Amino acid sequence: MRKRIVVLLLVFLLFAGITPLWAASDPISLIESSSYSEEDKEYLQIQVDTLIKEAQEKDLPLSPIISKLKEGLSKKVRPHELVKTLNVKKDSLEKAQEILEENGIKGEEDLVVDLALSFELSVPPQVVEEAVSKALANDGKRLQVVVDSLSTFLEMGVKPEKAGEIIEKAVEKDLSAREIKKMTELLNKARRAGADPQRVAETLANALGKYDNFKLVEMEVQKVIASSREKPALKSGEGVVVSSPGVTSGSTPVQEGGTPLESGVPPAGGKPPTEEGGTAPETIPPSGGKPPLQEGGEPLD
């Protein structure tokens with residue numbers, strides 16, 4: 001009776017046009033229902049089918065590959081570029097799984113997925129390998145925290161080389177799982193405060209190299225976060241008043257380059273302007289007025 005109900009339900013879903021959950025994750029079905037041309041669909045189906053079979057043979061997690069496929073199909077990425085991206089994802093998962101298996105870790109899908117992200121974002125593989133091996137050598141429980149922190153740093157925008165350096169120094173200093181988590185919290189706090197992630201990461205890396213006490217490392221990073229906080233706005237009337245360009249308060253206006261600007265008005269109490277050579281310029285009589293007189297009352301010629 002139960003089997004009959006399940007079959008009837010599937011038939012109903014298919015006729016109703018509703019895709020069952022198992023079909024929604026099937027790569028071939030995803031490609032078939034996409035908006036690509038028939039030629040592109042055929043190419044993608046052949047390439048993706050081969051890629052998926054290779055991933056299954058190596059027991060790689062399929063969910064990241066299918067998720068990347070969905071993203072590419074929704075954005076209608078060119079078929080060749082999409083296949084290239086899927087191969088990068090598969091290769092990064094394979095590399096991550098190899099490193100973990102070399103260190104005796106098997107069947108940890110979440111670790112594989114998180115570690116693969118570091119390779120996709122170009123963290124040097126040797127840095128990742130050393131961090132994983134040292135984390136396991138000192139305390140196997142820290143491995144998950146180390147891998148999680150590395151992927152979180154990358155997602156926050158820290159450059160791959162710097163993220164790898166921080167993790168490498170953290171395991172060299174034998175930081176506890178709590179202290180490694182604290183590093184992630186500090187970077188997240190800095191991001192919320194609007195601090196530059198690269199500057200904060202640089203400070204964190206330098207402090208880890210300088211101090212053995214993690215409290216001192218934390219203090220260094222807190223200083224950077226505090227200095228990055230936005231300054232309060234000045235109230236009306238506060239602050240320095242800046243003069244307009246070319247004008248200095250309490251002095252003669254100047255042209256660009258420092259030359260005094262001509263005002264056309266002689267200074268108070270000064271002599272009248274003179275022509276070149278020292279001769280006073282001729283005075284023009286006002287409109288409608290009488291001609292100027294010589295000394296003694298005689299009119300001037």
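## Confidence of the model

The structure is a predicted model. The mean pLDDT of the protein is 75, and 66% of its residues reach 70 or more. Among the elements of the protein, the highest mean pLDDT, 95, belongs to helix 4 (residues 38-57), while the lowest, 39, belongs to helix 2 (residues 21-24).

Two stretches of the chain have pLDDT under 50 throughout. One of them is residues 1-24, for which the model has 6 contacts beyond four places in sequence. The other is residues 231-268, with 12 contacts beyond four places in sequence. Where pLDDT is low, the predicted coordinates should not be read in detail.

## Helix 7 and helix 9

Helix 7 covers residues 109-120 and helix 9 covers residues 142-155. Their axes come within 9 Å and cross at roughly 40°. The two helices are therefore oblique to each other, and helix 7 passes helix 9 in a left-handed crossing.

From helix 7, the residues L111, D114, L115, L117 and S118 take part in the contact. They meet L143, Q144, V147, D148, L150, S151, L154 and E155 of helix 9. Sorted by class, the residues of this contact comprise 7 nonpolar, 3 polar and 3 charged.

## Residue S151

One of the residues of helix 9 in this contact is S151. Is S151 buried or exposed? Its relative accessibility is 6%; because buried means under 20%, S151 counts as buried.

Which residues does S151 touch, leaving aside those up to four places away in sequence? They are D114 and L117, and both of these belong to the helix 7 side of the contact described above.

## Helix 10 and helix 12

A second pair is formed by helix 10 (residues 160-172) and helix 12 (residues 197-210), whose axes come within 9 Å and cross at roughly 30°. Since angles under 35 degrees count as roughly parallel, helix 10 is roughly parallel to helix 12. Helix 10 passes helix 12 in a left-handed crossing.

In this contact, K162, E165, I166 and K169 come from helix 10. Their partners in helix 12 are A201, E202, L204, A205, L208 and G209. By class, the contact has 5 nonpolar, 1 polar and 4 charged residues.

Definitions and conventions. Residues numbered from 1 in each chain as written. Predicted model: local features only at pLDDT ≥ 70, side-chain atom pairs only at ≥ 80, totals over all residues. Heavy atoms only, no water. pLDDT = per-residue confidence, 0-100. Helix = DSSP H or I, 4+ residues; strand = E, 2+ residues; numbered from the N terminus. Contact = heavy atoms within 4.5 Å. Axes fitted to C-alpha atoms, helices over the stretch in contact; angles between N-to-C directions. Parallel < 35°, antiparallel > 145°, perpendicular 65-115°, else oblique. Left-handed = near helix turned anticlockwise from the far one by under 90°. Nonpolar A, V, L, I, M, F, W, Y, C, P; charged D, E, K, R; others polar. Buried < 20%, exposed > 50% of the residue type's maximum accessible area, 1.4 Å probe, protein only.
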